[in-house]
Amino acid sequence: MNKKYTYVWVSLIVLIFGIIVVPRIVERLSSGSVVENDRLNVSGKKVDDKLGYILLDGKRRKVPAFEFINQDSVVVSDKDYLGKVYVVDFFFTRCPSICPVMTTNLVDVQKHFKDADDFAIASFSITPDFDTPQVLRSYKEKYEIQDENWNLMTGDHAGVYELANAGFNIFAAEMPDVPGGFEHSGLFALVDKQGYLRSRKDEFGNPIVYYRGQILEKDGVNDHGETEEIGILKIDIQKLLEE
């Protein structure tokens, strides 16, 4: 083909691209419709926003069987939570550091889903010898916990630590040298209606597994630059409620 005509065709293609495509890109930018998935989506595929399953040995991880006593001296088991989306945390009433923040965040989540009968919270004390049902009931009143589907549980010492460290892989241990005498993570686990551990995925498509519970949503970040995750937890709870 004559070079003159080749240049004409190339110029024509560039012109068409500029007329049709560029204005659409500008329009999306100006309207704010370029979202996080667009920025992370280097492969050209849409990032899946469905919550992922937590896997163990290639199988979907389920909440192990448990049975404890709640603040009203009622026996509560994992079966009582089937059919509900729920958040799990491990705490103790005398905790001087992260527990008050964690509980405050859960109270906020409780209020957010106050009309959802299929939402619940399961809080397990890591000092069950001290945290009797009476103590847990006082703690409930102190933090104005109103949801009947929120159980503060106590019971067998070994069983609680087995549930935390092996069942949920959420660290909890006795440490006399730290304030309060016990160490535990400030993480929340999210469970679906069938009892499977779920979480949102990161930009690489891997589940984040847990949600930070020790940073208030209104604070945004802590002194270490870690971002609060109560906001995304609320979003993900809603997704599971709608499944």
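A: Contact means heavy atoms within 4.5 Å. Under that rule Lys 239 touches Asp 49 and Leu 51, leaving aside residues up to four places away in sequence. Please keep in mind that this is a predicted model, in which local features need pLDDT of at least 70 and side-chain atom pairs count only at pLDDT 80 or more, while totals for chains, interfaces and linings use all residues. Residues are numbered from 1 along each chain as its sequence is written, and side-chain values use heavy atoms, with hydrogens and water left out.

Q: Where does Lys 239 lie, and why does Lys 239 count as partly exposed?
A: Lys 239 belongs to helix α6. Helices (H or I, at least four residues) and strands (E, at least two) are DSSP runs, numbered from the N terminus. Buried means under 20% relative accessible area, exposed over 50%, and partly exposed in between (1.4 Å probe, protein chains only). Lys 239 has 28% relative accessibility, so it counts as partly exposed.

Q: What makes Cys 95 count as buried?
A: Its relative accessibility is 7%, so Cys 95 falls in the buried class. Cys 95 sits in the loop between β6 (85-91) and α3 (99-112).

Q: How many helices and strands are there in the protein chain, and what share of its residues count as buried?
A: The chain has six helices and 13 strands. Of its 243 residues, 39% count as buried.

Q: How do α3 and helix α6 pack?
A: Two packed helices are described by the angle between their axes and the distance between the axes. For α3 and α6 (residues 230-241), the angle is about 35 degrees and the axes are 11 Å apart. Here axes are lines fitted to C-alpha atoms, for helices over the stretch in contact, and angles run from 0 to 180 degrees between N-to-C directions. From α3, Asn 105, Asp 108, Val 109 and His 112 make the contact, while α6 brings Ile 230, Leu 233, Lys 234 and Ile 237.

Q: Why is the pair of Phe 90 and Phe 124 called stacked?
A: The ring centres are 5.2 Å apart and the planes lie at 25 degrees, so this pair is stacked. Phe 90 comes from strand β6 and Phe 124 from strand β7, 34 residues apart. One aromatic cluster is formed by Phe 66, Phe 68, Tyr 81, Tyr 86, Phe 90, Phe 124 and Phe 168.

Q: Why does Ser 73 count as partly exposed, and where is Ser 73 found?
A: At 46% relative accessibility, Ser 73 is placed in the partly exposed class. Ser 73 is in the loop between β4 and β5 (75-77). Most residues other than glycine have a negative phi. Ser 73, though not a glycine, has a positive phi of about 65 degrees.

How values were computed:
Rings of Phe, Tyr and Trp (its six-membered ring) pair if their centres lie within 6.5 Å; planes under 30 degrees apart count as stacked, over 60 as edge-to-face and the rest as tilted.
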